[in-house]
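I am opening my notebook on this two-chain entry. I will write down each thing I look up, in the order I look it up.

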Amino acid sequence: MEDAKRTGVRRNLTQPILFVSVIVLLLILVGLPLGTLFYKSVVMQGKLTFVNYTYVFSEQRNILPFWNTLKLGALTVAFSTGIGVALAWLVARTDLPGRRWIEMASLVPYMLPPFIGAMAWTQLLAPRVGYLNKLWTGLFHTPTAPFNLYSFSGIVWVMTMYTFPFIFITAKGALERMNPSLEEAARIAGAGKIRVLRNVTLPLVLPSIMAGMILAFLYTISNFGVPALLGMRARIYVLTTRIYLYMHDGTFQGIRLAAALSVLLLAAALFILLLNRWVLSRQHGAAIISGKSVRPAVVELGKWRAPIACGVVAFLGFIVIAPLVSMFLTSFIRAWGLPLRWENLTLHNYKYILFDYSLTKSAFLNSSLLALTAATVTTAFGALLAYISVKTKLKGRQAIDFLSTLPHAIPGTVVALAMILAWSGQFKLNLYNTFWIIIVAYVVRYLFYSYRNVSASLVQIHPSLEEAARISGASWMQNFRDVIVPLIRPGLVASWLLIFMPTLRELTMSILLYGPHTPTLAVAAYEMQSAGYYHIAAALASLIVVVLLVLNAIVRRVVGGKANA
Amino acid sequence: MPSVIELEHLTKAFGDVVAVDDIELAIARGEIVCLLGPSGCGKTTTLRMVAGFDRPTKGEIKIAGVVVSSGSTLIPPERRNLGMVFQNYAVWPHMTVFRNIAYPLRIKKVPRREIQKKVDEAIQLTGLTGLAKRYPEQLSGGQQQRVALARALVVQPVAMLLDEPLSNLDAKLREKMRFEIMDLHRRTGITVLYVTHDQAEAMVLSDRIVVMNEGRIDQIGSPGEIYRQPRSAFVADFIGLANFARATLVESSGSQGRAAVAGVEDISFPCEVPVGAEQSREGLLFVRPEDIRLTEKAGGTLRGIVRRRTFLGNQVDYRIEAVGKEWRVEVNPDVTIPEGSAVGMSVQRAVFLPEAPGEGAS
């Protein structure tokens, strides 16, 4: 027992040391870069100044992207809400045939990055050469193509196609959880189907829809790929693309302006987040909606059933399937713009990106390594943070929660810029143009995924399971290894996959962070698309799509659709 | 006999709330002691301090003569060599029955062959034969409880702690498991500290019962003592059914005395007077429902009217209005006195209790 006393003290230290280092690491990874970003935007040559901001607001080329960003966000959210809510209602609350298929098709865009959507829609709607435009001009013999994807409305269109699933998911969840007796009571009181929908159903699911709208807005204003691929050639800029151009300048002035614009973008994102809090705090309906799952009341569509089904299938076929199929077709064509004929088809594009072209070859290697490393490191790090936050009574747990959740709301462009400013020698450490700066950015950006998934698993572990291990003689580390880790394994696997997938095709941060030796898959696809090698870019994008859809199928298998994506 | 667990001036405060207030207790080797009290009385906190999960605010805990918790020491749970059974079993869902029970042995790096032997013994002892390869989700609540017991016993710990182990089981099973735990205790001779809010459980199992109330120990004694000779109104009220009446102690000598019930001062009842109670004059007269005999007509010392009569199978429960209050009386079902009729009550046995602060006489 004398011996026990001494080792007891030593054992007790491993846990606090581990926890303190994890928290310090979190501060260095998240707090320091964001602080630096803000500092750089307001301090020049050691003096506080707002000259960057006044410059930003005095120049049309800076202020216009700001308004464009807000306009893009608002329009995209408006259209997405219409599509998302309608589809969610049809799937959750009607007897529409093939609801499972409709749901799956609606979720496909959710699995793919919007920049690939932009590439796919280019195949359909590019002026002159897009398949739809060609079809139109061929059919009606018009001199000019009717659709121009390289425009502001083109950006809104593609963004909407990749944002409506956010609303679809939240709205469907709320509609399914709603207690049917609330609506039945309205029917008994004399209200018709439409009236019930308007007076009871919609008001009750509105808070959930609002939450989805806020997510969608954040997602849209943070996006780089779509406005870059579709807008830049038409000289239409949003904040993310304007920041990218400033960073491309490479001048100190450019970097400072980029920092100032980033702070603006960040402010917009945080404003939206606060709005979200406010909406959540006013959710009176939440208590009624949440709870155990009940079978929701099903609305019979009657004679409208068949027409609506046809309409939905045609719509989803057009917006989800057609662009992807066009891109797949293009990936087999010898040169872009050639008609789709047997003699024009080839596998050469795939051979080229897989075996011949050094950029894509190194991109495959880089992205795989980056995604593996980021998924592993982030899952482990997030798991420790979640453990501290859920299972300990450590003071400052709320700070961990805040710092782990915050980067998820910060646009990737801002995160990348903060990383560049902090880790290019500012603190005696220069990671610029290396593999590591991309890793660090990925870890920070996706930390929330592992933090939230593991937290959700940890909450379900009753404290007595850990206590039983301790009283059985296990130290804290043994308890963590033998009891906690096996019990949260589904959460760990889910979080690993949910980080692996987006990092495998990440564009927004990578485009700012990649160096001569560290191109990623998305960067390679983006660069080839921008340079006009559409058919080769299509091959690369098609491969990415296939890999992502397969991985998503695996995730569904593994976690039974319960992961928090 | 040497004490296995000793608590000295043990105190635990959560902020301003004192959950455990300066308690003293020594548990002898092989003894089975119950901490009994309503929820929030500090019994579970006491157990968790013994286990090492909570750090005492003040005081000392010794296990097998070694200080494990004090102002300067806190030996972690894994170094205390205890076994523990939790309210929700805490059987690890990702391990088979065998692996659950073997875990404490594996931590102690016991050789594989010996693990097999000891786990087999524990499985047999707890009646889990044939279930070694099952996972907890394939077991009933009672079987999971046995796994928890086997896991707590397998290393032959210094003492076993049980935290309301039967409260998640249904009534039939609970009664069965009580006897099984008793049996297990008899066969292993292990020292047991047991927490429960169920007085029947404490009665059946304990060598001694420690009745706790608001963080303090109200009384320590054998089940018989606790039931027959409660030292406070709280203990009398918490254990079993009790009738209380305001009373004045009119005379006392040693442990016997006479008390007069308020409202019928002309009659005094013979009663027991616990040590210390003779100091006070005003107090409560405490009578168990089974210690009252009923006579039809106007026999007995107190007169009343039958307000309600409830048939309970093995006995009949009467509610009788007398001297301005309701009395509960339990008699065997042969006696039938209709509701509304006058009745005489004769008190066979009564205890005079000094008025404790916050007494809940009714």
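In which loop of chain B is Glu214(B) found? I find Glu214(B) in the loop between strand S9 (208-213) and strand S10 (216-221) of chain B. I keep in mind that this is a predicted model.

I checked the backbone there. Phi of Glu214(B) is near 50 degrees, a positive value in a residue other than glycine. As a reminder to myself, most residues other than glycine have a negative phi.

I then looked up Asp22(B). Its phi is near 55 degrees, again positive and again in a residue other than glycine. Asp22(B) lies in strand S2 (residues 17-28) of chain B. With 15 C-beta neighbours inside 10 Å, Asp22(B) counts as partly exposed.

**Entry: chain B overall**

I counted secondary structure next. Chain B comes to eight helices and 20 strands. Its C-alpha atoms fill a box of roughly 75 × 45 × 35 Å along the principal axes. Of the 362 residues in chain B, 43% are buried. I also looked at contacts in chain B between residues at least 6 apart in sequence. Among these, 65% join residues at least 24 apart.

**Entry: Trp327(B)**

I picked one residue of chain B to follow. Trp327(B) is found in strand S18 (residues 325-331) of chain B. Why does Trp327(B) count as buried? Trp327(B) is buried because 21 other C-beta atoms lie within 10 Å, and the cut-off is 20 or more.

Leaving aside neighbours within four places in sequence, I list Asn243(B), Gly304(B), Ile320(B), Ala322(B) and Met345(B) as contacts of Trp327(B). I also took one distance.

**Entry: where the chains meet**

How many residues does each chain give to the contact? I get 22 residues from chain B and 21 residues from chain A. On the side of chain B that touches chain A, the elements that give two or more residues are strand S6 (82-85) and helix H2 (97-107) of chain B. By class, that side of chain B has 14 nonpolar, four polar and four charged residues.

**Entry: the domains of chain A**

I moved to chain A. It is divided into domain 1 (47-285 + 303-314) and domain 2 (349-565). The C-alpha centres of these two domains of chain A lie 24 Å apart. The contact takes 26 residues from domain 1 and 26 residues from domain 2 of chain A.

Which helices of chain A supply the domain 1 side? Helix H5 (114-125), helix H9 (193-222), H10, helix H11 (239-249) and helix H12 (252-281) each supply at least two residues. H12(A) gives the most, with eight residues. I sorted the domain 1 side by class and got 20 nonpolar, six polar and no charged residues.

**Entry: Pro227(A)**

I took a closer look at one residue of H10. Pro227(A) has its place in helix H10 (residues 225-231) of chain A. Pro227(A) is buried, because 32 other C-beta atoms lie within 10 Å. Not counting residues up to four places away in sequence, Pro227(A) touches Ile155(A), Val238(A), Thr240(A) and Thr241(A). The C-alpha atoms of Pro227(A) and Lys303(A), 76 residues apart along the chain, are separated by 42 Å.

How many residues does helix H7 of chain A have? Helix H7 (residues 152-177) has 26 residues and reaches 38 Å from its first C-alpha to its last, close to the 38 Å expected. I found a bend of about 40 degrees at Met161(A), and Pro165(A) follows within four residues. H7(A) is mostly covered, with 21 of its 26 residues buried.

I finished with the largest nonpolar core, which has 270 residues. Leu417(A), Met419(A), Ala441(A), Leu540(A), Leu285(B) and Phe286(B) touch the most other members. The largest share of this core, 15 residues, comes from H7(A). The core draws at least three residues from each of domain 1 and domain 2 of chain A. I followed up Ala441(A). Not counting residues up to four places away in sequence, Ala441(A) touches Val415(A), Ala416(A), Met419(A), Met509(A) and Leu513(A).

Methods: Residues are numbered from 1 along each chain as its sequence is written. Chains are lettered from A and ligands numbered from 1 in the order in which they are written. This is a predicted model: local features need pLDDT of at least 70, side-chain atom pairs count only at pLDDT 80 or more; totals for chains, interfaces and linings use all residues. The expected span of a helix is 1.5 Å times one less than its number of residues. The bend at a residue is the angle between axes fitted to the seven residues ending there and the seven starting there. A residue is buried if 20 or more other C-beta atoms lie within 10 Å of its own, exposed if 12 or fewer, and partly exposed in between; C-beta atoms are placed from the backbone. Two residues are in contact if their C-beta atoms, placed from the backbone, lie within 7 Å. Ala, Val, Leu, Ile, Met, Phe, Trp, Tyr, Cys and Pro count as nonpolar, Asp, Glu, Lys and Arg as charged, and the others, Gly among them, as polar. A nonpolar core is a set of buried Ala, Val, Leu, Ile, Met, Phe, Trp, Tyr and Cys residues joined through C-beta atoms within 7 Å. Domain bounds come from an automatic or database domain assignment.
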